[in-house]
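Let's take a walk through this one together. Have the sequence and the 3D view side by side.

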Amino acid sequence: MRMSSTLIFTLFAFSLFASFAAGWWVDEYKSGILWPEPKVLDSGPPGGPPADAIVLFDGKSLDGWEGGDKWKVEGGVATSVGGGITSKQKFGDCQLHVEFATPEKVEGSGQGRGNSGVYLMGQYELQILDSHGNPTYFDGQCGSIYKQQPPMVNVSRKPGEWQTYDIVFTAPRLNDDGSLKTPGYITALHNGVLIHNHFELQGTTSYTEPPKYHKHADKESLHIQFHGNPVKFRNIWLRENIEPLVGKKP
Ligand code: MG
């Protein structure tokens, strides 16, 4: 038996009415917390820097870095030569963006090929290495937290191609006697892909010693390593004040 079009329309209208009616009787959950309004922020061009970032390399100068005068700055790019660079300003918790390219001309192998590194607080290294078809120990390849944790995946691009690190860092908190209050944490994306998710740092990332926390200040300099290879950098910026918004209970 075929239903008449009037009956079909009536059933449709009734079900539509029933869904609206159900919506009216549902109570919305409200936390009651009085949230401050999130600040409106210009995120900048793709790759940043956002409007509230501290720009550490804008393509023109490494004036904000000790040792920056030794590096070559040309065409918007800084190339590592003759020593590492250490930021004059000191940082704790932060969001950090770094763009890098390992040498196009492949020389050396393993740890000797395109080696550099981003040292948070001058002592916690997120390794930079040419890991495109360049075997080495896994907790020392590109994206590793050196000697502590390999990256989840190897997303290294070819030598000479630009790559990105986006790092969210929670600084460790240390007591006055140097003992650990709370560990450091690193979340990192390499070329937009997650490689560390809230990794708990075990201490410094030394080549010669097991990880161990050493007393340091709440804020320390950022360091970029020179390991004998001309690694290129551009667009380095950092954001502080990354704690969550806090609301008030009524
Ligand atoms: Mg290194």
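Is Leu194 buried, partly exposed or exposed? Leu194 is partly exposed, because its relative accessible area is 33%; buried means under 20%, exposed over 50%, and partly exposed lies in between, with a 1.4 Å probe and protein chains only. Before going further, keep in mind that this is a predicted model, where local features need pLDDT of at least 70, side-chain atom pairs count only at pLDDT 80 or more, and totals for chains, interfaces and linings use all residues. Residues are numbered from 1 along each chain as its sequence is written, and side-chain values use heavy atoms, with hydrogens and water left out.

Back to Leu194, which sits in strand β13 (residues 193–200). Strands here are DSSP runs of E with at least two residues, helices are runs of H or I with at least four, and both are numbered from the N terminus. Together with Met152, Val153 and Val193, Leu194 forms a nonpolar patch on the surface, with about 300 Å² of accessible area in total.

Now for the metal. The magnesium ion is held by Asn115 (OD1), Ser116 (O), Glu125 (OE), Gln127 (OE1) and Gln225 (OE1), at 2.2 to 2.4 Å. Donors are N, O and S atoms within 2.8 Å of the metal (3.2 Å for Na, K and Ca), and since water is not among the atoms, sites may look incomplete. Along the sequence, the donor residues follow the spacing N-S-x8-E-x1-Q-x97-Q. Asn115 in the loop between β6 and β7 and Gln225 in the loop between β14 (220–224) and β15 (232–239) link distant parts of the chain, 110 residues apart. Both Asn115 and Gln225 are buried.

Stay in the loop between β6 and β7, where you'll also find Gln111. Gln111 counts as buried because its relative accessibility is 16%. Its side chain makes a polar contact of 3.1 Å with that of Gln127, one of the magnesium donors. A polar contact is a pair of N or O atoms within 3.5 Å; within protein, one must be able to donate a hydrogen and the other to accept it, and residues adjacent in sequence count only if both atoms are side-chain atoms.

Arg113 belongs to that loop too, between β6 (94–101) and β7 (116–120). Arg113 is buried, because its relative accessibility is 12%, and its side chain joins that of Asp130 through a polar contact of 2.7 Å.

Conventions
Patch = residues over 30% accessible without salt bridge, like charges linked within 9 Å, V, L, I, M, F, W, Y side chains within 5 Å. Areas by Shrake-Rupley, 256 points an atom, 1.4 Å probe, with all protein chains shown as cover. Salt bridge = Lys/Arg side-chain N within 4 Å of Asp/Glu carboxyl O.
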